[in-house]
Amino acid sequence: MINRFLLLFLCFFSFVAVSAQDVSALDFLDTVIARHDPDNNWESFKGDLVVTMSTPNKEDRVTDLHIDLPASTFVLSNVVKGKKHTTKVVKDSVSFFVDDNQIIDKEEQKTLKFNKERALFMRNYYTYLYGLPMKLKDNGTIVDPKLYSKKINRKWYKVIKVTYDKEVGKDTWYFYFNPKSLDMEMYQFFHDESKNDGEYILLSNIEIIDGVRMPAVRAWYTNKEDKLLGTDVLTVK
């Protein structure tokens with residue numbers, strides 16, 4: 001766990017950074033994308049993943065994912081009270097299933113907490129986080145042209161700052177890269193940076209999945225309290 005020094009650093013000296021010389025953030029982004037996805041496999045990614053989320057004082061939650069980007073298909077399944085609940089998204093069309101039986105009735109969907117808005121959010125959530133840093137090339141993404149250098153816990157990082165068009169998102173994100181390996185080791189977001197809200201996520205145990213480098217372990221902390229929210233572990237079916 002990051003020690004209290006990081007919390008104090010983020011609270012009182014948040015993003016007082018020294019700009020890197022001669023290299024723009026966009027140029028550096030191209031470099032780190034070449035590191036994480038050297039053969040441009042993300043655009044054609046198709047795979048079955050399992051995410052196990054461990055949350056303090058709660059039972060682990062296991063989520064099965066099927067991601068097929070060429071077919072614009074996303075399927076999420078988990079077990080709720082002994083029954084398999086599945087959400088399937090094809091483009092922006094959503095369908096719901098319990099134990100492989102489709103749930104069409106709107107009232108039943110509501111009772112089972114199936115929700116189209118939530119389904120689209122989860123698709124975007126998983127494809128965004130596991131598609132980083134390649135997803136920073138998506139339309140609506142505003143990359144700060146300045147590449148920053150920042151020292152945290154005696155370790156230097158190259159940092160890319162990102163905001164979004166209002167139709168896409170309102171948060172401010174920072175992505176931290178090891179300057180030697182070029183691996184993404186942390187990212188952080190703020191709803192309101194002046195309040196030091198939001199979260200930071202530590203990334204570890206890189207796996208090569210379908211030619212794409214992905215963090216197998218992500219640990220989520222609050223920016224303000226430095227409180228562990230949960231850890232998720234990625235495996236391949």
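Author: Helices (H or I, at least four residues) and strands (E, at least two) are DSSP runs, numbered from the N terminus. The model is predicted, with local features needing pLDDT of at least 70 and side-chain atom pairs counting only at pLDDT 80 or more, while totals for chains, interfaces and linings use all residues. Residues are numbered from 1 along each chain as its sequence is written, and side-chain values use heavy atoms, leaving out hydrogens and water.

Reader: What is the relative accessible area of Asp99?
Author: Asp99 sits in the loop between strand E6 (93-98) and strand E7 (101-102), and its phi is positive, about 50°, although Asp99 is not a glycine. Buried means under 20% relative accessible area and exposed over 50%, with partly exposed in between (1.4 Å probe, protein chains only). Asp99 is partly exposed, because its relative accessible area is 35%.

Reader: Is Asn196 buried or exposed?
Author: Asn196, another non-glycine residue, has a positive phi of about 55° and lies in the loop between strand E12 (184-190) and strand E13 (199-209). Its relative accessibility is 8%, so Asn196 counts as buried.

Reader: Within what arc do the buried residues of H2 fall, seen down its axis?
Author: Helix H2 comprises twelve residues, 25-36, and its first and last C-alpha atoms are 16 Å apart, close to the expected 16 Å, a span defined as 1.5 Å times one less than the number of residues. The buried residues in H2 are Ala25, Phe28, Leu29, Val32, Ile33 and His36. They line one face of the helix, because, by the directions from the helix axis to the C-beta atoms, they fall within an arc of 140°.

Reader: How many charged residues line the second largest pocket?
Author: A pocket is an open set of points on a 1 Å grid over the protein atoms alone, with protein on both sides within 12 Å along at least five of seven lines, and its lining residues have an atom within 4 Å of a point. Among those lining the second largest pocket are Ile33, Trp42, Leu69, Met134 and Lys137. With Ala, Val, Leu, Ile, Met, Phe, Trp, Tyr, Cys and Pro counted as nonpolar, Asp, Glu, Lys and Arg as charged, and the others, Gly among them, as polar, the lining has four nonpolar residues, one polar, and a charged group of five.

Reader: What separates the C-alpha atoms of Thr87 and Asn41?
Author: Thr87 belongs to strand E5 (residues 83-90) and counts as buried, because its relative accessibility is 13%. Beyond four places in sequence, its contacts (heavy atoms within 4.5 Å) include Phe74, Val94, Phe114 and Ala119. Asn41 is 46 residues from Thr87 along the chain, and their C-alpha atoms are separated by 25 Å.

Reader: What separates the C-alpha atoms of Tyr126 and Phe74?
Author: Tyr126, in helix H4 (residues 116-130), is buried because its relative accessible area is 8%. Among the residues that Tyr126 touches, not counting those up to four places away in sequence, are Val51, Phe74 and Arg218. Tyr126 and Phe74 are 52 residues apart along the chain, and the separation of their C-alpha atoms is 9.4 Å.

Reader: Which residues does a cis peptide bond join?
Author: The loop between H4 and strand E8 (141-143) contains Pro133. With omega at about 0°, a cis peptide bond joins Leu132 and Pro133.

Notes
1 Å grid on protein atoms, 1.4 Å probe; cavity = no way out; pocket = protein on both sides within 12 Å on 5 of 7 lines; lining within 4 Å.
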